[in-house]
Amino acid sequence: MAAEVEVTIVTMQDIFQDEARKKSLYSDDYQKYSAQIVLDKQDMALLKAKDGERLLVKNDVGSVVVSAKASEDEAHPGIAFMIKSPWSNQLAG
């Protein structure tokens with residue numbers, strides 16, 4: 001069984017994703033920014049996940065497969081970030 005980590009997901013807006021969206025909702029850049037979860041380095045280690053690895057993110061509402069990215073910010077284990085997008089909306093009630 002794959003490792004699991006429970007996190008609280010904070011959704012946010014991102015200028016880079018917004019610029020990619022203006023160009024095309026179907027672009028690689030839009031998907032790169034939108035289909036991603038940013039995790040604390042400790043959580044990434046618990047999952048044995050590497051940057052760019054696809055992860056299944058699920059809750060009681062739904063599930064989605066997104067790319068993992070290690071956070072460059074100060075430690076925040078248990079807190080993950082996703083840009084507001086069709087991917088994060090799959091997890092919203």
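Modeller: Helices (H or I, at least four residues) and strands (E, at least two) are DSSP runs, numbered from the N terminus. The model is predicted, so local features need pLDDT of at least 70 and side-chain atom pairs count only at pLDDT 80 or more, while totals for chains, interfaces and linings use all residues. Residues are numbered from 1 along each chain as its sequence is written, and side-chain values use heavy atoms, with hydrogens and water left out.

Colleague: Where is A35 found?

Modeller: A35 lies in the loop between α2 (28-34) and β2 (36-39).

Colleague: Why is A35 called buried?

Modeller: Buried means under 20% relative accessible area, exposed over 50%, and partly exposed in between, with a 1.4 Å probe and protein chains only. A35 has a relative accessible area of 5%, and is therefore buried.

Colleague: Why does Q36 receive the label buried?

Modeller: The relative accessible area of Q36 is 17%, which is under 20%, so Q36 is buried. This residue is found in strand β2.

Colleague: Which residues does A35 touch, not counting those up to four places away in sequence?

Modeller: Contact means heavy atoms within 4.5 Å. On that basis A35 touches V66, S67 and W87. Leaving aside neighbours within four places in sequence, Q36 is in contact with V66, S67, K69, F81 and M82.

Colleague: What makes a region a pocket, and which residues are closest to the centre of the second largest pocket?

Modeller: On a 1 Å grid over the protein atoms alone, a pocket is an open set of points with protein on both sides within 12 Å along at least five of seven lines, whereas a cavity is a set where a 1.4 Å probe fits but cannot get out; lining residues have an atom within 4 Å of a point. Grid points are joined across faces, edges and corners, and a volume is the space filled by probe spheres set on the points. The second largest pocket has a volume of about 280 Å³. Of the 15 residues that line the second largest pocket, M12, D14, Q36, V38 and K69 are the closest to its centre. The largest share of this lining, three residues, comes from β5 (79-83).
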